[in-house]
Amino acid sequence: MGSSLMLKIKADQVISENKYPIKTEHGNLDSLIGFDGDLVLTMSDLSDEVARKGFYAVGITNIVDKKEIKEKLEKFLATKDEGK
């Protein structure tokens, strides 16, 4: 749980700094049961497994790299804007 919590903290920092309209939750793969959010932000080695469960998953390679997190969140938000 340590790495996923670190990812959440860094993601929350990026979201706050950029005022993204994103709400985060922290959990493990089992907590995806009943999850109805738009995005699962996870470590890159888990993103395929999460996607196979039917979720839109974004994998982060370096969980402390706020630049990488920002780029991937912006890409996700752009896909949301396209759908409007």
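Ile9 is partly exposed because its relative accessibility is 39% (buried is under 20% relative accessible area, exposed over 50%, partly exposed in between, with a 1.4 Å probe and protein chains only). Ile9 sits in helix H1, residues 2–18 (helices are DSSP runs of H or I with at least four residues, strands are E runs of at least two, numbered from the N terminus).

This is a predicted model, where local features need pLDDT of at least 70, side-chain atom pairs count only at pLDDT 80 or more, and totals for chains, interfaces and linings use all residues. Residues are numbered from 1 along each chain as its sequence is written, and side-chain values use heavy atoms, leaving out hydrogens and water.

## Asp12

Helix H1 also holds Asp12. Asp12 is partly exposed, at 26% relative accessibility. Its side chain makes a polar contact of 2.6 Å with that of Thr24 (a pair of N or O atoms within 3.5 Å; within protein, one must be able to donate a hydrogen and the other to accept it, and residues adjacent in sequence count only if both atoms are side-chain atoms).

## Aromatic pairs

The whole structure has two aromatic pairs (ring centres of Phe, Tyr or Trp, its six-membered ring, within 6.5 Å; planes under 30 degrees apart are stacked, over 60 edge-to-face, the rest tilted). Phe35 and Phe55 form a tilted pair, 5.9 Å centre to centre with 55° between the planes. Phe35 is partly exposed at 24%, while Phe55 is buried at 18%.

Tyr56 and Phe76 are also tilted, at 5.4 Å and 55°. Tyr56 lies in the loop between H2 and E2, and Phe76 in helix H3. Phe76 is buried because its relative accessible area is 6%.
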